[in-house]
Amino acid sequence: MTVTADSTADSTTGATVAISAEDRAERLTAAGHAWNERIAASAKNAELSFSAKGSAQGSVSSVITAGKHTFTVDEPTPLAGDDVAPNPVEYALGALISCQIVVYRLYAHNLGLTIENLDVSAEGDLDVQGLFGAADTVRPGFSTVRVNVEITGPDSDEAYQELQETVDAHCPVFDIFTNPTPIDVTVTKKN
């Protein structure tokens with residue numbers, strides 16, 4: 001797989017982290033081999049847990065900590081926020097986009113496809129009647145999400161269409177969006 005070199009900003013330090021196509025390919029290969037070995041030793045090794053925690057701030061914003069990263073979530077002014085950060089559903093779309101990018105890179109590498117450029121966008125429709133309880137028949141979440149994937153590379157259109165089907169079958173956040181996930185909520189009153 002050939003991918004152009006690019007960079008990303010480290011959310012903790014703000015420093016730019018650059019990676020070449022060769023480094024990315026090496027990382028993907030090493031991660032694949034390492035996970036295959038762990039899973040071969042015991043399927044239990046494939047079970048991971050992720051966590052995040054948050055505290056209410058400002059009007060309706062939250063400060064979220066996930067691992068070593070901290071970020072703010074807010075709402076726009078019409079939804080009682082201070083509009084200092086993206087809102088929860090924008091982060092959900094961002095999570096879907098970023099997960100798609102990871103899985104596109106992983107499976108393009110595994111399938112020997114070349115991605116020169118990869119841009120993903122997502123748009124979701126939300127009717128706030130569900131959020132504000134104005135209509136019990138309207139769900140509070142997205143009614144529809146549209147994802148647009150733009151790939152530049154020398155492989156055939158059919159190869160990239162097959163890649164898209166593979167990605168959608170294996171992308172964790174795509175799965176969260178398309179399948180019910182049980183959620184267990186506990187509320188504790190602190191004194």
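**A first look at this predicted model**

1. Welcome to the fold. Of the contacts (heavy atoms within 4.5 Å) in the protein chain that link residues at least 6 apart in sequence, 46% join residues at least 24 apart. This is a predicted model, in which local features need pLDDT of at least 70 and side-chain atom pairs count only at pLDDT 80 or more, while totals for chains, interfaces and linings use all residues. Residues are numbered from 1 along each chain as its sequence is written, and side-chain values use heavy atoms, with hydrogens and water left out.

2. The protein chain holds five helices and seven strands; these are DSSP runs numbered from the N terminus, helices being H or I of at least four residues and strands E of at least two. Read from the N terminus, the order is β-β-α-β-β-β-α-β-α-β-α-α. The C-alpha trace spans about 50 × 40 × 35 Å along its principal axes.

3. Of the 191 residues in the protein chain, 20% are buried, meaning under 20% relative accessible area with a 1.4 Å probe, protein chains only. The accessible surface (Shrake-Rupley method, 1.4 Å probe) is about 13,100 Å², and carbon and sulfur atoms account for 53% of that surface.

4. Buried in α4 are Ala159, Tyr160, Leu163, Val167 and Asp168. An α-helix has 3.6 residues a turn, so residues three or four places apart point the same way. The cover over the buried residues of α4 includes α2 (88-111), β7 (142-152) and α5 (172-178).

5. With a disulfide taken as a pair of cysteine sulfur atoms within 2.5 Å, the count is zero. The closest cysteine sulfur to that of Cys99 belongs to Cys171, at 3.3 Å, which is too far for a bond. Cys171 is in no disulfide. Cys99 counts as buried because its relative accessibility is 13%, and Cys171 is buried with a relative accessible area of 2%.

6. Asn87 sits in the loop between β5 (69-73) and α2, and at 9% relative accessibility Asn87 counts as buried. Leaving aside residues up to four places away in sequence, Asn87 touches Val73, Asp74, Glu75 and Pro76.

Technical notes
Buried < 20%, exposed > 50% of the residue type's maximum accessible area, 1.4 Å probe, protein only.
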